[in-house]
Amino acid sequence: MKKTINDLFVYTSGSEKNKAILFVHGFPYDHMMWKEQIKEFSQNYFCAAYDIRGLGQSPAGNGQFTMESFVDDLEIIINELQLNKPILCGLSMGGYISLRALERMQEKFSAAILCDTKAEADNNEGKLKRAAGIKRINDEGLAPFAKDFITNCFGDYFKQNKKKELENIIEASSKFDPNGVKGSLLAMLGRTDTTANLERINRPTLLICGEEDKLTPPSVMKEMQKKINNAEYVEINKAGHMTPIENPEEVNKAIKEFLKNHNL
Ligand code: MLT
């Protein structure tokens, strides 16, 4: 079912009576990156996925976003959908939003699944890269930036064997509002570091990382695992940064086992 909440595009699937999983996508993608997980888990869970403000079908408005405003949006969606302690599942930028949401209000969630993400804020080099991205979009339009950024997210297997799928993803993101994409870059550039909160997370937590992830590599996520109480870590074969798209079978299996083991 499609809904609009606080101007944001929200997609839900499955029975509202079931436990909810709330999916938060990465940059510069939209809720469709979770389509294989929604297909699988809506059989036994109430799945909700939305387009982050400025991306996909959620309008950019004034294009001025912060990680805080993204977490405010997440909270409004939880409240409006009346989700009772959903399982929070975020990838990369969706993971930054999730990690900050866990810092602000972990009592609202029953568990966390953090895919291909990290708690550290951008360092100076990272901030300059974001600035260069914004300049490039201003100078050349969104398409060349989207093509290079997205191509770099995927591992070799997907790039060699799923060329058409990759082209479609790039094409879809190239059509986003450039002001929304730049707004996300600024929000990521300005986000706080959530590392200090990792040891305070007291929800069952699953960390998922693609073996070829260059943006948030396994070494970074294994360090994160050490800091979160009893966190579980699963590395996904034949996948880069976009594990739910690149190897949905292994990702779904890892999530299923995690949910089963924790009676969720
Ligand atoms: C993402 O997938 O959301 C981005 O790679 C995050 C980032 O650029 O830091």
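This report describes the strand arrangement and the salt bridges of a predicted model.

## The sheet

Eight strands make up an open sheet with mixed pairing, and their order across the sheet is E1-E2-E4-E3-E5-E6-E7-E8. The edges are formed by strand E1 (2-5) and strand E8 (232-236); each has a single partner strand, so one side of each is left without a neighbour in the sheet. On average, neighbouring strands of this sheet are turned by 20° against each other, direction ignored.

In general, the strands of a sheet pair through backbone hydrogen bonds, and the pairing may be parallel or antiparallel. Strand E3 (residues 20-24) and strand E5 (residues 87-91) run parallel and are joined by four bridges. Opposite Ile 21 stands Ile 87 in E5.

## A helix packed on the sheet

Helix H11 packs on the sheet, where it touches E3, E5, strand E6 (111-115), strand E7 (205-210) and E8. The direction of H11 makes about 165° with that of E7.

Helix H11 spans residues 248-261 and holds both Glu 257 and Lys 253. These two residues form a salt bridge, with 3.9 Å between the closest N and O atoms. Because Glu 257 and Lys 253 are four residues apart in the helix, about one helical turn separates them. Lys 253 is exposed, at a relative accessible area of 53%, whereas Glu 257 counts as partly exposed at 44%.

The whole structure contains 19 salt bridges. One of them joins the side chains of Arg 104 and Glu 75, at 3.4 Å from N to O. Arg 104 belongs to helix H3 (residues 93-105) and Glu 75 to helix H2 (residues 67-80), so this pair ties together parts that lie 29 residues apart in sequence.

Both partners are partly exposed: the relative accessible area is 29% for Arg 104 and 23% for Glu 75. Arg 104 and Glu 75 also belong to a network of salt bridges that links them with Glu 68, Asp 72, Arg 100, Glu 103 and Lys 108.

Notes: Residues numbered from 1 in each chain as written. Predicted model: local features only at pLDDT ≥ 70, side-chain atom pairs only at ≥ 80, totals over all residues. Heavy atoms only, no water. Salt bridge = Lys/Arg side-chain N within 4 Å of Asp/Glu carboxyl O. Helix = DSSP H or I, 4+ residues; strand = E, 2+ residues; numbered from the N terminus. Buried < 20%, exposed > 50% of the residue type's maximum accessible area, 1.4 Å probe, protein only. Pairing = 2+ DSSP bridges. Axes fitted to C-alpha atoms, helices over the stretch in contact; angles between N-to-C directions. Contact = heavy atoms within 4.5 Å.
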